[in-house]
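This briefing covers a predicted model.

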Amino acid sequence: MKRFLVIGLGRFGISLAKTLSSIGEEVIAVDASMARVEEVKERVPHAVQLDSTDPDALKSIGCDRVDVAIVAIGENLEASVVTTVILKEMGIKEIIVRAYSDREKKILELIGATRVIFVEDEMGRRLAKAISGEGIRDYIELSQNYSIVHWDAPEALAGTSLADLKLNESWRLILLAVKKKEESLSQKIGLRKEPERLELYPSPEYRIEKGDVLILVGKHRDLMRFTTEQKH
């Protein structure tokens with residue numbers, strides 16, 4: 001388990017802290033605003049109100065012992081810079097900082113940020129790639145060339161076996177899992193949301209069913225080519 005420090009509890013910071021905590025990671029969440037700390041405290045127990053430009057305050061809650069620090073203070077470059085310098089001096093190996101311009105990015109990299117992110121840009125790229133393919137409901141970029149997609153199999157493929165689909169031979173794709181929905185009577189009449197079941201590494205004999213979501217990994221161009229051609 002990694003230990004994470006999230007500094008700055010705006011919408012991005014809150015979402016990040018809650019998600020990391022929900023998957024079992026140890027998270028320290030910090031903000032100068034008590035109202036924002038209270039907003040996240042139910043989901044992230046170790047949420048603290050303090051000034052991140054105060055090194056003694058950060059050390060007092062164990063921030064010098066985290067593995068990864070994320071600085072998401074907002075459009076306050078001075079606070080981001082000072083906080084990043086403090087974290088670097090503490091010896092934290094991975095420091096991820098949110099920036100709002102190329103100028104800020106250069107400054108933050110010069111003072112020790114290991115990664116600088118533009119949240120809006122990254123979300124824009126992810127959305128663009130998701131909507132450029134047919135039936136893609138989610139898109140996760142693994143590297144410059146490789147990605148994972150969650151793809152709604154079209155009804156026309158119902159009954160087709162994975163062997164016949166030839167994902168690896170013809171498309172150079174790997175199927176990680178099939179996400180399936182299970183319906184009870186109460187779910188069918190709309191009283192409860194349908195739960196999802198994940199079938200990992202299904203056999204070549206597996207036949208696609210209506211409503212299946214295929215989780216595929218491969219190069220972006222191969223994923224787009226496959227998902228587009230299967231819809232036509």
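**Salt bridges**

E209 and K180 form a salt bridge in which the closest N and O atoms are 3.0 Å apart. Because E209 sits in the loop between β10 (196–200) and β11 (213–219) while K180 belongs to strand β9 (residues 174–181), the pair ties together parts 29 residues apart in sequence. E209 is partly exposed at 43% relative accessibility, whereas K180 is buried, with a relative accessible area of 6%. The structure holds 9 salt bridges.

*Other charged pairs*

- R3 and D67 meet through their side chains in a salt bridge of 3.7 Å, N to O.
- This pair links distant parts of the chain, with R3 in strand β1 and D67 in the loop between α3 and β4, 64 residues apart.
- R3 counts as partly exposed at 32% relative accessibility, and D67 counts as partly exposed at 31%.
- D222 forms a salt bridge with R225, and the closest N and O atoms are 3.7 Å apart.
- Both D222 and R225 lie in helix α10 (residues 220–230), where they are 3 residues apart, about one turn of the helix.
- D222 is buried at 2% relative accessibility, while R225 is partly exposed at 32%.
- A network of salt bridges links R172, D222 and R225.

**Strand β5 and its neighbours**

- Strand β5 (residues 94–98) is mostly covered, with 4 of its 5 residues buried.
- Strand β4 (residues 68–71) runs parallel to β5 and is joined to it by 4 bridges.
- V71 has V97 in β5 as its bridge partner.
- A right-handed β-α-β unit is made by β4, helix α4 (residues 77–90) and β5.
- Strand β6 (residues 115–117) also runs parallel to β5, and 3 bridges join the two.
- I96 stands opposite R115 in β6.
- From β5 the chain crosses through helix α5 (residues 102–110) to β6, in a β-α-β crossover that is right-handed.

**Nonpolar core**

- The largest nonpolar core has 26 residues, of which L5 and L87 touch the most other members.
- Two or more residues each come from β1 (3–7), β2 (26–31), α3 (55–60), β4, α4 and β5.
- Helix α4 gives the most to this core, with 5 residues.
- In soluble globular proteins, nonpolar side chains tend to be buried together.

**Nonpolar surface patch**

- I140, L142 and Y146 make a nonpolar surface patch of about 270 Å².
- I140 lies in strand β7 (residues 136–141) and is partly exposed, with a relative accessible area of 33%.

How values were computed:
Residues are numbered from 1 along each chain as its sequence is written. This is a predicted model: local features need pLDDT of at least 70, side-chain atom pairs count only at pLDDT 80 or more; totals for chains, interfaces and linings use all residues. Side-chain values use heavy atoms; hydrogens and water are left out. Patches are made of residues with over 30% relative accessible area and no salt bridge: like charges are joined within 9 Å, nonpolar side chains (Val, Leu, Ile, Met, Phe, Trp, Tyr) within 5 Å. Accessible areas come from the Shrake-Rupley method with a 1.4 Å probe; for residues, only the protein chains shown count as cover. A salt bridge is a side-chain nitrogen of Lys or Arg within 4 Å of a carboxyl oxygen of Asp or Glu. Buried means under 20% relative accessible area, exposed over 50%, partly exposed in between (1.4 Å probe, protein chains only). Two strands pair if DSSP finds at least two bridges between them. A crossover is right-handed if, with the strands pointing away from the viewer, the path from the first strand over the helix to the second runs clockwise. A nonpolar core is a set of buried Ala, Val, Leu, Ile, Met, Phe, Trp, Tyr and Cys residues joined through side-chain atoms within 4.5 Å.
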